[in-house]
Amino acid sequence: MATAKVVFATITGNNEDIADIIAQALEENGMDVEVEEISQADPADFEEVDLCVVCPYTYDEGSLPDEGIDFYEELADVDLTGKVYGVAGSGDTFYGEYFGLAVDKFGQALANAGAKQGAQNVKINLAPDSDEDIKRLDDFAKALANAVNA
């Protein structure tokens, strides 16, 4: 069975919700999934799974989550060649061009570590509380599962 690790950063609970929606959808697509808060996670754990998922929030003008900065920086020290990755997280459209920049930054860091993008990044405004948001996250997870099994 293919394995996935979903790492999230959250203050308000929005990204824990995003991570849980993704994890459930991945399980429904036949994957064994572990979910962990980013400050408790080690990027080296991504070397042990098939699928690496990060769910960061973006705050202010494109800033990374404070509790995720070490994880982000340590991604440069791991080799994720042959792994598939996906990034989905929340932000606030109030910040315009800075909306969801942490999602893009984590995606680039995972690509730089050698992983292959399995689905387009997903950016959720605030909380995943609409049917459309949940469908986008379910479709994201399905695309990731398909990429791992391809």
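This is a predicted model: local features need pLDDT of at least 70, side-chain atom pairs count only at pLDDT 80 or more; totals for chains, interfaces and linings use all residues.
Two strands are said to pair if DSSP finds at least two bridges between them, and helices (H or I, at least four residues) and strands (E, at least two) are DSSP runs, numbered from the N terminus. Residues are numbered from 1 along each chain as its sequence is written, and side-chain values use heavy atoms, with hydrogens and water left out.

- E3, helix H2 (residues 69–74) and E4 together make a right-handed β-α-β unit, where right-handed means that, with the strands pointing away from the viewer, the path from the first strand over the helix to the second runs clockwise.

**Burial of E3**

- E3 is mostly covered, since 5 of its 5 residues are buried, a term that stands for under 20% relative accessible area, with exposed meaning over 50% and partly exposed in between (1.4 Å probe, protein chains only).
- In a regular strand the side chains alternate between the two faces of the sheet.
- In E3 both faces are covered, with Leu51, Val53 and Cys55 buried on one side and Cys52 and Val54 buried on the other.

**Nonpolar cores**

- A nonpolar core is a set of buried Ala, Val, Leu, Ile, Met, Phe, Trp, Tyr and Cys residues joined through side-chain atoms within 4.5 Å, and the largest one has 28 residues, of which Ile22, Leu26, Met31 and Leu51 have the most contacts inside it.
- At least two residues of this core are supplied by each of E1, helix H1 (14–28), E3, E4, strand E6 (122–125) and helix H4 (131–149).
- Apart from this core lies another, of 23 residues, which includes Val7, Phe46, Ala102 and Val103.
- If neighbours within four places in sequence are left aside, Leu51 is in contact (heavy atoms within 4.5 Å) with Thr3, Ala4, Lys5, Leu26, Met31, Val84, Tyr85, Leu144 and Val148.

**Cysteines**

- With a disulfide taken as a pair of cysteine sulfur atoms within 2.5 Å, the count comes to 0 disulfides.
- Cys52 is in no disulfide, and the nearest cysteine sulfur, that of Cys55, is 12 Å away.
- Because the sulfur of Cys55 is 12 Å from the closest cysteine sulfur, in Cys52, the separation is too far for a bond.
- Cys52 is buried, with a relative accessible area of 0%, and Cys55 is likewise buried, with a relative accessible area of 0%.

**Loop residues**

- Most residues other than glycine have a negative phi, and most peptide bonds are trans.
- Asp60, placed in the loop between E3 and H2, has a positive phi near 55° although it is a residue other than glycine, and at 39% relative accessibility Asp60 counts as partly exposed.
- Leu126, found in the loop between E6 and H4, has a positive phi near 65°, again in a residue other than glycine, and at 43% relative accessibility Leu126 is partly exposed.
- Ala44 lies in the loop between strand E2 (32–37) and E3 and is partly exposed at 29% relative accessibility.
- The C-alpha atoms of Ala44 and Leu80 are separated by 9.0 Å, with the two residues 36 residues apart along the chain.
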